[in-house]
Each structure stands twice: as C-alpha cells, then as structure tokens.
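Subject: Structure handover

Hi,

Here is the structure I promised to pass on. Please open it alongside this note. My findings follow below.

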Amino acid sequence: NLGGGGAGGSFYLVCSRLAGAATGVINARGGSGNTSNGGGGAGGRIAIKRVPRFDNYAGSLSVTNGLDTPQTTGAATGTITWLEGPDPMAALLIQFL
C-alpha cells in the first residue's frame, strides 16, 4: 500500500459568458496519497478562454496538490490560465498557485 495520488486532470473552457454564485467551484485538485507512504498527486490545469466577456463569476478556482504523508515530498500545485478576446494571444495571464 504505497500508492500515490493521481494528478488533478484538466479543464479547457471556451465560453462567451461565465457566471456563477459564490458557492460555485471549478476544481482540478490532485488526489491524496496512501496514508502509509504515498505522495499526493500534483494539481491539475484549468484554462478558460472568455469570448467576449467574463460576467459575475463569484465562485472559486482550485488547482491544489493532493495530501502527502510525513514520509513524502509534496507534489506541485497546478496552473490557471486565462485567455481573453477572439485572439487567444491578445491577453494571457497564467497563475501558479
């Protein structure tokens, strides 16, 4: 039982409008490792292309790594990428959390 947690996976969202309540969550979290010796999985990736606007999304985005044990080294967190406008290279913001 030394299994590590899996990586958080990924989301690629293309939308003309993104809205949601504060209780909303877009999550690509890594899985937790085995309680004996398994390391947590790395955080995933979230990419959001907004065409043409980003409206009233009050929820959260999460790309955290999975839980580790004292015997293991933690995996890295993931990334969140925002692409704006009709040309995806018009504005690019990458967040390492």
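S62 sits in strand β4, which spans residues 60-62. Keep in mind that the model is predicted. Is S62 buried or exposed? Its relative accessibility is 18%, and buried means under 20%, so S62 counts as buried. What does S62 touch beyond its neighbours within four places in sequence? The contacts are I26, N27, A28, R29 and I46.

Now the pairing. β3 has these partners:

- Strand β1, residues 10-15, pairs with β3 in the parallel sense, over six bridges. V14 has K49 of β3 as its bridge partner.
- Strand β5, residues 79-84, also runs parallel to β3, and six bridges join the two. Here R50 has E84 of β5 as its bridge partner.

Next, the core. How many residues make up the largest nonpolar core? There are 10: C15, L18, I26, A28, I46, I48, Y57, V63, I80 and W82. Two or more of these residues come from each of β3 and β5, and those are the elements that contribute at that level.

Back to S62 for a moment. Among its contacts, I26, A28 and I46 are also members of that core.

One point for when you look at the strands: in a regular strand, side chains alternate between the two faces of the sheet.

Best wishes

How values were computed: Residues are numbered from 1 along each chain as its sequence is written. This is a predicted model: local features need pLDDT of at least 70, side-chain atom pairs count only at pLDDT 80 or more; totals for chains, interfaces and linings use all residues. Side-chain values use heavy atoms; hydrogens and water are left out. Two strands pair if DSSP finds at least two bridges between them. Helices (H or I, at least four residues) and strands (E, at least two) are DSSP runs, numbered from the N terminus. A nonpolar core is a set of buried Ala, Val, Leu, Ile, Met, Phe, Trp, Tyr and Cys residues joined through side-chain atoms within 4.5 Å. Buried means under 20% relative accessible area, exposed over 50%, partly exposed in between (1.4 Å probe, protein chains only). Contact means heavy atoms within 4.5 Å.
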